[in-house]
Amino acid sequence: MCCFFTALVFFGPRLGFLVYWLIAPVRVNLSLAAFNFPWLASLAGLIFAPWTMLMYVMIFPLNGYDWIWLGLGLMCDIMSYVAGYHKRQAVPGYPSNDPLATM
């Protein structure tokens, strides 16, 4: 599990998911087998909501308060999208949307 946490901290949820899949492949396959198209669900989850997908696989048999952890993963995904939207102005050469900047 040390490798999982190291990959998660330094490289993000997508590589963390890959390391977790290498550590516990049966658990990942079992959690994704609940979907009709498991390959499509895992691919869409890793592209659009990687924190939620990682949290779902880690806490798969959803019991009781596990929905809170899943909500935390969803909030992390939303925060990463919002932060990317707000930080886009820091990219050199990105056009400004400020109407006062063109005057």
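Entry 1: I work here from a predicted model, in which local features need pLDDT of at least 70 and side-chain atom pairs count only at pLDDT 80 or more, while totals for chains, interfaces and linings use all residues. Residues are numbered from 1 along each chain as its sequence is written, and side-chain values use heavy atoms, with hydrogens and water left out.

**Entry 2: where F17 and W21 sit.** I found F17 and W21 four residues apart in helix 2 (residues 13–23), so they are separated by about one helical turn; helices (H or I, at least four residues) are DSSP runs, numbered from the N terminus. Is F17 buried or exposed? I noted F17 as buried because its relative accessibility is 3%, whereas W21, at 40%, counts as partly exposed; buried means under 20% relative accessible area, exposed over 50% and partly exposed in between, with a 1.4 Å probe and protein chains only.

**Entry 3: a ring cluster.** I next looked up Y56 and F60, which form an edge-to-face pair with 5.8 Å from centre to centre and 80 degrees between the planes. Y56 has 13% relative accessibility and therefore counts as buried. I also saw that ring pairs link F35, Y56 and F60 into a cluster.

**Entry 4: the nonpolar core.** Of its 15 residues, F4, F17, Y20, V28, L54 and V57 touch the most other members. Two or more residues each come from helix 1 (2–11), helix 2, helix 3 (25–32) and helix 5 (50–58), and the largest share, five residues, comes from helix 5. Leaving aside neighbours within four places in sequence, I found V57 in contact with F17, Y20, R27, V28 and S31, where contact means heavy atoms within 4.5 Å.

**Entry 5: S42.** Lastly I looked up S42, which is found in helix 4 (residues 38–48) and is buried, with a relative accessible area of 15%. The side chain of S42 reaches the backbone oxygen of W39 at 3.0 Å. Leaving aside neighbours within four places in sequence, S42 is in contact with L32 and M53.

Definitions and conventions. Rings of Phe, Tyr and Trp (its six-membered ring) pair if their centres lie within 6.5 Å; planes under 30 degrees apart count as stacked, over 60 as edge-to-face and the rest as tilted. A polar contact is a pair of N or O atoms within 3.5 Å; within protein, one must be able to donate a hydrogen and the other to accept it, and residues adjacent in sequence count only if both atoms are side-chain atoms. A nonpolar core is a set of buried Ala, Val, Leu, Ile, Met, Phe, Trp, Tyr and Cys residues joined through side-chain atoms within 4.5 Å.
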